[in-house]
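Colleague: I have the model open and would like to go through it with you. Could we take it piece by piece?

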Amino acid sequence: MAERSLSLIIPVFNEEEVLETSYGRMRAAMEQTGYPFEIIYVNDGSRDDSMKILRRLAKEDDRVKVLSFSRNFGHQTAVTCGMDAAKGDALIIIDVDLQDPPELIPEMVRRWEKGGDIIYGKRLKREGETLFKKLTAAAYYRLLAWMSAYPIPLDTGDFRLIDRRVADVFLQMREHNRFLRGMSAWMGFRTEPIEYERHERFAGSTKYTLRKMLRLAMDGITGFSDKPLTLPGVLGLGVCVLAGLGLVALIVCACTCGVAPWLWALDGLVLLNGLSLCCMGLQGMYFGRMYDELKGRPLYIVAEKHNIQ
């Protein structure tokens, strides 16, 4: 057992209220596994005292490793940075807010020992979230499952354990618009769920604003499905059918009640223009992704390191 080790990867953004409590529970959970381990915190441009606390934790415990970005690069990029630095034979990804219980980590490790490549947390219940958040999350996961060409499990987040060989493949993919659970599904390794009830945040408020959630949702859809590209064709066919029915109705109305035909023509023109704009917007999203990749910039910039060679 001592020949292998574990890496725990924790992205941090303005989490000063929960950091110390979270560290205690994370460390206790990792110690229960019986493996040597490292805890890698990636400070994603926090503007509060999170980095001050992380410096102290790294000074007190040499198993704590800290990387700090020069600015906010995003949650998915922070996880990737932690994976780049990780040395363990299995990598565990978890958020710092304690909504995903670290006490499940020993069970994840046991399933990894039995041959699991990816052990992911599946949420049965979401405590402390608004009805709007629960409904939109449920709708999104099902929409993504329908649109994706690869089976992405429902009601899952980034809380997971991945084997080293999975991580090595993952790190070969350097696209900027990253969606980790979609990338995991694309790789096709052996996966296994652990079901749990997601708790309310221990302290503080969520850092995933509606804007960030929408951005992640679009990354998931456009990154792992070509259906948005084919959808305009389906809409176009539907419009042709409606236009044919409208032409029949126009002729009937003109022969009976004398409805002005130009009203139908105007309405049809507005509808077609609106559909054209929607199609252009979908194409623009894909062109934007290609533009990001062609620039060839690094995924992130590390401004400060602690306990990392």
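Predicted model: local features only at pLDDT ≥ 70, side-chain atom pairs only at ≥ 80, totals over all residues.

Colleague: Switching to strands, how many residues of β6 are buried?

Modeller: Strand β6, residues 156–163, is mostly covered, with eight of its eight residues buried. Strand β4, residues 90–93, pairs with β6 in the antiparallel sense over four bridges, and in β6 the bridge partner of Ala90 is Asp163.

Colleague: Which residues have the most contacts inside the largest nonpolar core?

Modeller: That core has 36 residues, and those with the most contacts inside it are Leu6, Leu8, Ile10, Tyr41, Ile105, Val109 and Leu161. A second, separate core has 26 residues, including Ile40, Val42, Ile162 and Phe170.

Colleague: What is Val109 in contact with, leaving aside its neighbours within four places in sequence?

Modeller: With those neighbours left aside, Val109 is in contact with Leu6, Thr33, Tyr35, Ile92 and Leu161. As background, nonpolar side chains in soluble globular proteins tend to be buried together.

Colleague: And on the outside, which residues form a nonpolar patch on the surface?

Modeller: Phe287, Met290 and Leu294 form one, and together they have about 370 Å² of accessible area. Met290 lies in helix α10, residues 261–295, and it counts as partly exposed because its relative accessibility is 45%, which falls between the cut-offs of 20% for buried and 50% for exposed.

Colleague: Last one, for the whole chain: how many helices and strands are there?

Modeller: The secondary structure of the protein chain comes to 10 helices and eight strands, and buried residues make up 45% of its 309 residues. Its accessible surface comes to about 16100 Å², with 60% of that belonging to carbon and sulfur atoms. Of the contacts with a separation of 6 or more, 84% are between residues 24 or more positions apart.

Notes: Residues numbered from 1 in each chain as written. Heavy atoms only, no water. Core = buried A, V, L, I, M, F, W, Y, C linked by side-chain atoms within 4.5 Å. Buried < 20%, exposed > 50% of the residue type's maximum accessible area, 1.4 Å probe, protein only. Contact = heavy atoms within 4.5 Å. Helix = DSSP H or I, 4+ residues; strand = E, 2+ residues; numbered from the N terminus. Pairing = 2+ DSSP bridges. Patch = residues over 30% accessible without salt bridge, like charges linked within 9 Å, V, L, I, M, F, W, Y side chains within 5 Å. Areas by Shrake-Rupley, 256 points an atom, 1.4 Å probe, with all protein chains shown as cover. Salt bridge = Lys/Arg side-chain N within 4 Å of Asp/Glu carboxyl O.
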